[in-house]
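Let's take a walk through a protein model and see what its atoms can tell us. Have the structure open while you read, and look up each residue as it comes along.

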Amino acid sequence: MAEIRLTKVEQGQTKIRNVPIAVTPEGFWCCPSPVVFQKTLKAQNPLNKPKSSPPPPTKTSVQKKQAPMTERKPTSTPSRPGVVSDDQRTFASDAPALSALVNERAPRPKIENLPRKVAIEFGEPGTSDMKVILMGKQGFYVKLSVHKNVLMENSSFFADKLSEEQSSLSCLEIEDCEDIEIYVETVGLMYCKETKQRLIKQSVSRVLRILKVAELLGFNSCMQSCLEYLEAVPWVGEEEEEKVVSSVLQLQVEGIGVTPVLKRVSSEVSNCPKDTLFHIMELVLKSSEERGRREMKSIVLKLLRENSSVPSYAGSADICNETIYSSCRSCLDSLLSMFRQAAEPGFTDKPMENKEPVLKQITLEADNLSWLLEILADRQAADEFAVMWASQQELATLHTKLPVVSRHHVSCITARLFVGIGRGELLPSKDTRQLLLQTWLQPLINDYSWLQHGCRSFDRKVVEEGIGRTILTLPLEDQQSILLAWLGSFLKAGDNCPNLQRAFEVWWRRTFVRPYVEPQGNLM
């Protein structure tokens with residue numbers, strides 16, 4: 001808490017400036033507009049360019065401005081002040097207000113005579129029995145005329161300072177106030193019956209500032225109102241949410257419950273992450289609305305990427321991978337079942353309304369598997385997927401029995417696996433890589449023309465580089481058998497076949513130009 005000391009306010013020191021104060025429905029005086037503080041600070045640092053003094057005021061205007069404060073008493077049912085925001089505070093035009101005891105048309109005073117203090121009176125005018133002086137930055141002072149009983153009832157801090165031993169204390173000086181404007185507003189809230197209503201339509205950042213000062217002053221009812229406000233108001237953006245959570249967690253006051261606010265970001269119920277993630281996956285994978293499914297796949301993929309980058313998330317990574325692989329197996333079983341139906345004799349002769357659901361399901365499951373593979377590749381956990389896919393000999397056999405328009409989505413999965421191996425995103429064993437090429441390279445070649453022209457996301461150069469690199473990870477004799485088989489297809493199909501010339505050149509040099517090991521007996 002800022003230092004407090006006894007002071008004696010002498011007359012003739014710095015000039016005091018009275019500011020407009022708006023009356024509240026309870027009959028008390030509200031703290032002034034932040035604009036008052038800003039204008040006062042600006043007045044202390046005026047521009048170098050002087051302005052011409054306005055003409056002297058008329059007699060009538062002087063008389064109106066010099067009306068005594070005691071003649072402007074609040075009515076019994078005044079209207080509420082206007083909405084308060086962090087940037088600007090305005091009060092309702094029909095609310096009675098005290099006029100500034102400063103002539104608006106008076107000649108501009110010299111810099112050394114500019115006011116450096118603002119005087120604010122709380123409660124009924126002329127009834128205060130104590131002064132609190134707040135000293136802020138740049139020598140800016142605020143003198144508050146307050147009531148001891150109000151401060152002692154609402155603030156444990158003031159209650160300690162105004163104990164029986166110091167009952168005669170008439171002035172307190174608080175030095176180094178970091179947020180003098182909020183100090184004034186917080187003291188003003190001690191005079192309000194419904195503190196929470198005063199916070200309505202305030203910004204979250206301003207309420208956090210009030211909460212901080214209320215904690216310093218031991219103003220528990222205000223703190224509770226601030227927490228109730230924060231529990232109910234929306235938090236806009238991650239930055240604001242972090243500020244709220246950080247501020248609430250720093251509260252160390254007994255009897256002030258922060259749990260309702262923190263429930264928004266934490267749960268007391270121990271839900272199993274595996275069950276929750278599985279439920280989300282099922283909803284996305286089984287969605288029949290294409291646009292919504294595509295957008296949610298993108299969002300979930302992005303969020304899982306963010307989770308993977310958080311160190312504290314590493315412990316639950318295995319649980320997440322298990323859930324993803326469970327979904328992979330479910331989609332793969334469904335895809336194989338649809339391929340079996342589509343490959344049955346007479347399926348092509350069925351009416352379109354009978355074939356369409358099966359063909360749509362094939363497209364859906366292939367797209368689902370591509371999405372799940374993308375997640376696993378990002379998490380560096382796709383090795384098992386490569387094993388699963390390489391062992392799908394039945395699916396690869398049925399692949400040739402379906403028209404290319406219905407089956408080419410499956411080849412996108414194969415292409416993504418080759419790209420992942422070529423980039424080092426997954427490291428399957430030599431046997432798995434060999435089986436993957438043996439099972440799925442030819443089906444991919446068969447669909448290559450369609451993939452180039454009918455699949456927007458297909459990148460020919462990336463896929464060809466991935467296939468070539470995958471082939472070059474195998475033993476030299478396996479490279480030779482696969483590349484010679486590819487050469488026969490390429491010489492027949494041309495651009496409708498993957499161009500693996502770079503891989504072919506590497507194999508050629510390894511074989512004919514610079515063999516690294518001379519042929520010898522069996523090398524261990």
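Predicted model: local features only at pLDDT ≥ 70, side-chain atom pairs only at ≥ 80, totals over all residues.

The side chain of lysine 286 meets that of glutamate 282 in a salt bridge, with N and O 3.0 Å apart. Is glutamate 282 buried or exposed? At 16% relative accessibility, glutamate 282 counts as buried, since the cut-off for that is under 20%.

Why would such side chains pair up at all? Side chains of opposite charge can do so when their charged atoms come close.

## The big picture

Now zoom out. The protein has 524 residues, and 42% of them count as buried. Its chain forms 22 helices and 6 strands.

Its accessible surface comes to about 29,700 Å², and carbon and sulfur atoms account for 51% of that. What about contacts along the chain? Among those between residues at least 6 apart in sequence, 73% join residues at least 24 apart.

The largest nonpolar core holds 72 residues, and Trp371, Phe385 and Trp389 are the ones that touch the most other members. Helix H13, covering residues 317-342, gives the most to this core: 11 residues. Apart from this core lies another, made of 53 residues, including Ile180, Val184, Cys226 and Val248.

Take a closer look at tryptophan 371. Leaving out residues up to four places away in sequence, tryptophan 371 touches Met281, Val284, Leu285, Lys297, Val300 and Leu301.

Helix H7 runs over residues 204-217. After H7 comes glycine 218, with a positive phi near 65°.

The buried residues of H7 are Val204, Arg206, Val207, Leu208, Ile210, Leu211, Val213, Ala214 and Leu217. Check out the arginine in that list: arginine 206 forms a salt bridge with glutamate 181, and their closest N and O atoms are 2.7 Å apart. Since arginine 206 sits in H7 and glutamate 181 in helix H5 (residues 180-189), the pair ties together parts that are 25 residues apart in sequence. Both arginine 206 and glutamate 181 are buried.

How many salt bridges does the structure hold? There are 21. One of them joins the side chains of arginine 294 and glutamate 290, at 3.8 Å from N to O. These two are 4 residues apart in helix H12, so about one helical turn separates them. An α-helix has 3.6 residues a turn, so residues three or four places apart point the same way. Glutamate 290 is exposed, because its relative accessible area is 52%. Elsewhere, salt bridges that share partners link Glu374, Arg416, Arg423 and Glu425 into one network.

Helix H12 covers residues 290-308, and isoleucine 299 is found there too. Together with Met296 and Leu303, Ile299 makes a nonpolar surface patch of about 240 Å². Isoleucine 299 counts as partly exposed because its relative accessibility is 37%.

## A serine in a strand

Strands deserve a stop as well. Serine 145 lies in strand E5, residues 141-146. With a relative accessibility of 11%, serine 145 counts as buried. Which residues does serine 145 touch, if we skip those up to four places away in sequence? They are Ile120, Glu121, Phe122, Ser128, Met130 and Lys131.

Finally, look at the backbone in two loops. Aspartate 176 has a positive phi of about 55°, although it is not a glycine. You'll find aspartate 176 in the loop between strand E6 (171-174) and H5. Aspartate 176 is exposed, with a relative accessible area of 64%.

Glutamine 380 also isn't a glycine, yet has a positive phi of about 55°. At 68% relative accessibility, glutamine 380 counts as exposed.

Definitions and conventions:
Residues numbered from 1 in each chain as written. Heavy atoms only, no water. Core = buried A, V, L, I, M, F, W, Y, C linked by side-chain atoms within 4.5 Å. Buried < 20%, exposed > 50% of the residue type's maximum accessible area, 1.4 Å probe, protein only. Contact = heavy atoms within 4.5 Å. Patch = residues over 30% accessible without salt bridge, like charges linked within 9 Å, V, L, I, M, F, W, Y side chains within 5 Å. Areas by Shrake-Rupley, 256 points an atom, 1.4 Å probe, with all protein chains shown as cover. Salt bridge = Lys/Arg side-chain N within 4 Å of Asp/Glu carboxyl O. Expected span 1.5 Å × (residues − 1).
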